[in-house]
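Subject: Structure handover and findings

Hi,

Here is the structure for you to look through. My notes follow below it.

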Amino acid sequence: MDFAQYFPIWDKLNANQQERIRSVSDLRKFKSGTLLHDGSPDCLGMLLVRSGQLRAYLLSDEGREVTICRFFEMDICLFSASCVMPNMQFNIFIEAEKDSEVWIIPACLYQNLMDESIAISNYSHSLISNHFSELMWLMEQIMWKSFDKRLAAFLLEESAVENTLSLKITHEKIANHMGTAREVVTRMLRYFQSEGMVTLTRGAVDIADRKRLLELSE
């Protein structure tokens, strides 16, 4: 499928706008672990995921990461388009969590399309609102929800994303997602294991009692 079948408001654009997008949109492949956007104020443009998985995260001065959202097939990311969010006062990093194919619409074109198309402008502002709703939800979770509940919810979410109870993920990676230290994750996972909720092996976490994790997360 081409760009038109992935972009949700394609049929609301006129022929000239569609042609301009088709002529400059760049379908690129990124290996897992590739940094697409380094948190700088430079405006990369709109990202539309054709396949794979992206992660947007914040990075503290001490080098600690916290995932703010993920993007899957057919998802659109505007965190890489700071020019359409001029009041954004923090830097967001974006990496490929898995081998991915991503369309990139250059920032200058996307900004022009927003200026001339009410459909794109409204859709973009809706996306920005959703992005920041997810960010605010995350901040609330970090501030008000205990770490054991957050970790249980993360393991269940990861299981749903990967469609397996055997998660090939390191404690360091979990810590990066959750904005905490690896030692904190290891300590809590060992507690989960002692309670029979998970089984730990090198580089993996197996969910042994999904029901109890769900009860804990709620």
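Is Ser166 buried, exposed or partly exposed? Ser166 counts as partly exposed, at 25% relative accessibility. The classes run as follows: buried is under 20% relative accessible area, exposed is over 50%, and partly exposed is in between, with a 1.4 Å probe and protein chains only.

A word on the source. This is a predicted model, so local features need pLDDT of at least 70 and side-chain atom pairs count only at pLDDT 80 or more, while totals for chains, interfaces and linings use all residues. Residues are numbered from 1 along each chain as its sequence is written, and side-chain values use heavy atoms, with hydrogens and water left out.

Ser166 first. Ser166 sits in strand S9. Helices (H or I, at least four residues) and strands (E, at least two) are DSSP runs, numbered from the N terminus. Setting aside residues up to four places away in sequence, Ser166 touches Val205 and Asp206. Contact here means heavy atoms within 4.5 Å. The side chains of Ser166 and Asp206 also make a polar contact, at 2.6 Å. That term covers a pair of N or O atoms within 3.5 Å; within protein, one must be able to donate a hydrogen and the other to accept it, and residues adjacent in sequence count only if both atoms are side-chain atoms.

Next, Thr67. Thr67 lies in strand S5. Thr67 is buried, with a relative accessible area of 10%. Its side chain has a polar contact of 2.8 Å with the side chain of Arg55. Another, of 2.6 Å, joins the side chains of Thr67 and His177. Beyond its neighbours within four places in sequence, Thr67 is in contact with residues including Ala56, Tyr57, Leu138 and Asn176.

Just after H6, Gly179 takes a positive phi of about 70°.

Now the pockets. On a 1 Å grid over the protein atoms alone, a pocket is an open set of points where a 1.4 Å probe fits, with protein on both sides within 12 Å along at least five of seven lines; lining residues have an atom within 4 Å of a point. Grid points are joined across faces, edges and corners, and a volume is the space filled by probe spheres set on the points.

- The largest pocket holds about 380 Å³. It has 15 lining residues, and Thr67, Trp137, Leu138, Phe154 and Glu157 lie nearest its centre. S5, helix H4 (118-144), H5 and H6 each supply at least two lining residues.
- The second largest pocket has a volume of about 240 Å³. It has 17 lining residues, and Lys98, Glu158, Glu162, Lys168 and Ile169 lie nearest its centre.

Last, the cysteines. A disulfide is a pair of cysteine sulfur atoms within 2.5 Å. The count is 0 disulfides. The sulfur of Cys77 is too far for a bond, because the closest cysteine sulfur, in Cys69, is 6.4 Å away. Cys77 is buried, at 1% relative accessible area. Cys108 is exposed, at 56%.

Best wishes
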